Amino acid sequence: MDLLSDRLNRIKPSPTIAMTTRAAELRAQGRDIISLSAGEPDFDTPINIREAAKAAIDGGHTRYTAVDGTPSLKRAICYKFSRENGLDYAPSQVTVGTGGKQILFNALMATLNDGDEVIIPAPYWVSYPDMVLLAGGTPVIVECGLEQGFRLMPDALEAAITPQTKWLILNSPSNPSGAGYDRAAMKALTDVLMRHPQVWVLSDDIYEHLVFDGFEFVTPAQVEPALKDRTLTMNGVSKAYAMTGWRIGYGAAPEILIKAMAKLQSQSTSNPSSISQFAAEAALTGPQDYIRESRAVFQRRRDLVVAGLNACPGIDCPTPQGAFYVYPSIKALIGKTSAAGATITDDEAFANALLDETGVAVVFGAAFGLSPHFRISYATSDKQLVTAIDRIRRFCESCN
Ligand SMILES: Cc1ncc(COP(=O)(O)O)c(C=O)c1O
């Protein structure tokens, strides 16, 4: 009898975590490594949030809480949805988990039967297809290339929907492309969904606040209120408030889904950290200056990275609307040979040669379902970014 389950064998480890680990190993061996592979803000959690966590510890809030979130954090989340998204949810329609990751996982595990289809536009966040597979569903990948701004087009959505479709997963702004759907683009998609009442939409809004050049963030239930009773609006504090390690994510949806997700969580992790819940409440209800400040820094870095990469021969880097990633194409480098003799057969070969020859760690596009691209996370210092881009440029210049 095999030790490992068939369920486990359906999935692979997260390629972004694998690349970050490889970069850390090379650094431990003494190599000069710049890692542009991890997706987390390089800032400290704002002071008022840290203070709230300390007060929670000293106030004795160190015990189990309600399985899917304290009533007061749920109220704070309702307040956030109403203030920022014009969405009215009751606390009974809100669930809190250990990161946005657990919210997605709970939703898919609670709803998918074998063979149920989930539409995932590519490039996608690496975890979506594997979570669907783990839950017994079938990922239906729809490629959304650079020519369409990495956005799902309404006719492509229409063509991908079948009687087996249970969910569409949308992520705006996107990891890895940074592409966002403006109101008109989102409405065009919700119009399609209105014609298919069996399809639910899972909107991953984790990068909501990281939008640039005045881009207006919108979420499906806001654009099409009639879709709200089959939408899971997912969000979290990780990216918005530099709180990746605190592990708090949340979602809002009709009660039937929220109750099912809580049931699952009651038999797995129970409540997310009580202290982190207090911290998240402070994040959502306290001063919001950090959001504005970090957005300005990320926009400056985005401009620096986009300009730098477009000056590299063979790289074509579109300007993203949000998040802290760029997703350039290396189409023109495929088939070339690096200075050290590596043939750039695909984007994985490119990322490996770049790491070996220059010490710059990026994640190859195949991991996100769309090649030939690579992803850079610019959530690191300007100094590191300038050095990394200089190395990438010299690497590209040496390819022939
Ligand atoms: C698109 C997207 N969704 C969800 C998550 C999960 O974030 P967390 O579990 O830290 O809330 C991430 C993290 O990288 C992400 O990039």
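Let's start with helix α3, residues 47–58, and helix α11, residues 274–285. They pack at an angle of about 140 degrees, with their axes 8 Å apart. Axes here are lines fitted to C-alpha atoms, for helices over the stretch in contact, and angles run from 0 to 180 degrees between N-to-C directions. Helices are DSSP runs of H or I with at least four residues, strands are runs of E with at least two, and both are numbered from the N terminus.

α3 and α11 are therefore oblique to each other. The cut-offs: under 35 degrees is roughly parallel, over 145 roughly antiparallel, 65 to 115 roughly perpendicular, and the rest oblique.

Who makes the contact? From α3, Asn48, Ile49, Ala52, Ala53, Ala56 and Ile57; from α11, Ser274, Ile275, Phe278, Ala279, Ala282 and Ala283. Contact means C-beta atoms, placed from the backbone, within 7 Å. By class, that is 10 nonpolar, two polar and no charged residues. Nonpolar covers Ala, Val, Leu, Ile, Met, Phe, Trp, Tyr, Cys and Pro; charged covers Asp, Glu, Lys and Arg; the others, Gly among them, are polar.

A word on the model. It is predicted: local features need pLDDT of at least 70, side-chain atom pairs count only at pLDDT 80 or more, and totals for chains, interfaces and linings use all residues. Residues are numbered from 1 along each chain as its sequence is written.

Next, the sheet. Seven strands form an open, mixed sheet in the order β2-β8-β7-β6-β5-β3-β4. The edge strands, β2 (94–97) and β4 (138–143), each pair on one side only. Pairing takes at least two DSSP bridges between two strands. Inside the sheet, β5 (165–171) and β6 (200–204) run parallel, joined by five bridges. Asn171 stands opposite Asp204 in β6.

Now α5. This helix lies across β2, β5, β6, β7 (231–236) and β8 (249–252), at about 45 degrees to β8. α5 also packs on helix α10, residues 255–266, at about 100 degrees, axes 9 Å apart. That makes the two helices, α5 and α10, roughly perpendicular. Their contact has seven nonpolar, two polar and no charged residues.

Last, the ligand. How many residues surround it? The shell has 13 residues, and the closest are Gly99, Gly100, Lys101, Gly236 and Ser238. A residue counts if its C-beta atom, placed from the backbone, lies within 6 Å. Helix α5, residues 99–111, gives the largest share of that shell, three residues. The shell divides into nine polar, two nonpolar and two charged residues.

Technical notes. Contact = placed C-beta atoms within 7 Å.
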